[in-house]
Amino acid sequence: MVSGDEITLDEFRSSLPARQQKAFTDEAFELIKDIGSNLEFPEGEFVKSILSYSGVLMTGRYKTTDYIKAVEYCTYISSGSSIIDAYRKTFPDRALRRLEDGRAEITSSSAATIYHKNALVQKILTQATIPMRLFFRKDKYDAINVLATE
């Protein structure tokens with residue numbers, strides 16, 4: 001795979017399921033590249049995440065931009081951000097608008113928690129945890145074996 005900064009729209013589309021290829025417009029691809037250039041993500045990591053979780057798009061009818069933002073949010077969660085911080089980073093305009101409107105800052109019981117419970121977010125988070133379980137499966141069994149023999 002080409003790194004996120006070098007990948008073209010055509011290369012990106014060809015990596016997606018056939019049904020989803022047309023949904024990713026030039027604007028959506030630019031949004032992906034903009035988010036991917038964020039200093040918090042390693043180079044090309046966000047593009048890989050978008051492609052890795054693209055199977056989730058086959059499980060329902062989702063807007064492309066909603067999917068992109070959900071993957072961004074889940075990437076922040078996976079990298080250790082709290083629900084609130086991930087929401088603020090994903091939707092800085094919403095957090096700013098709340099403050100400008102004189103409403104309280106985003107708290108754990110507000111929009112961040114509601115967004116975290118979103119079906120699309122939950123499907124991506126579920127898919128993201130499966131590879132980690134498989135990745136550490138051998139270590140888990142080795143540790144159990146050591147404990148059993150002691």
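The model is a predicted one. The buried residues of α4 are Thr64, Tyr67, Ile68, Lys69, Ala70, Val71, Glu72, Tyr73, Cys74, Thr75, Tyr76 and Ile77. The end C-alpha atoms of α4 lie 21 Å apart, which agrees with the 21 Å that its 15 residues should span at 1.5 Å a residue. Just after α4, Gly80 adopts a positive phi of about 105 degrees.

Confidence was examined for the protein and by element. The mean pLDDT of the protein is 81, and 87% of the residues score at least 70. Confidence is highest in α4, with a mean of 91, and lowest in α8, with a mean of 78.

The largest nonpolar core contains 36 residues. Within this core, Phe12, Phe24, Ile50, Tyr67 and Ile124 have the most contacts. At least two core residues come from each of α1 (9-14), α2 (26-36), α3 (45-52), α4 (64-78), α5 (83-90), α7 (111-116) and α8 (119-135). The most is given by α4, which supplies eight residues. In soluble globular proteins, nonpolar side chains tend to be buried together.

When residues up to four places away in sequence are not counted, Ile124 touches Tyr53, Val56, Tyr67, Ala70, Val71 and Cys74. Leu125 is placed in helix α8 and counts as buried because its relative accessibility is 13%, the cut-off for buried being under 20%. Apart from neighbours within four places in sequence, Leu125 is in contact with Cys74, Ile77 and His116. Leu125 and Ile77 are 48 residues apart in sequence, but their C-alpha atoms are 8.7 Å apart in space.

Two salt bridges are present in the structure. One joins Lys69 and Glu72, with 2.9 Å between the closest N and O atoms. These two residues of helix α4 are separated by about one helical turn, because Lys69 and Glu72 are three residues apart. Both Lys69 and Glu72 are buried. The side chains of Asp85 and Arg88 also form a salt bridge, at an N to O distance of 3.5 Å. Asp85 and Arg88 are three residues apart in helix α5, and therefore about one helical turn separates them. Asp85 counts as partly exposed, at 33% relative accessibility. Arg88 likewise counts as partly exposed, at 28%.

Note on methods. Residues are numbered from 1 along each chain as its sequence is written. This is a predicted model: local features need pLDDT of at least 70, side-chain atom pairs count only at pLDDT 80 or more; totals for chains, interfaces and linings use all residues. Side-chain values use heavy atoms; hydrogens and water are left out. A nonpolar core is a set of buried Ala, Val, Leu, Ile, Met, Phe, Trp, Tyr and Cys residues joined through side-chain atoms within 4.5 Å. Buried means under 20% relative accessible area, exposed over 50%, partly exposed in between (1.4 Å probe, protein chains only). Helices (H or I, at least four residues) and strands (E, at least two) are DSSP runs, numbered from the N terminus. Contact means heavy atoms within 4.5 Å. pLDDT is the predictor's confidence in each residue, from 0 to 100. The expected span of a helix is 1.5 Å times one less than its number of residues. A salt bridge is a side-chain nitrogen of Lys or Arg within 4 Å of a carboxyl oxygen of Asp or Glu.
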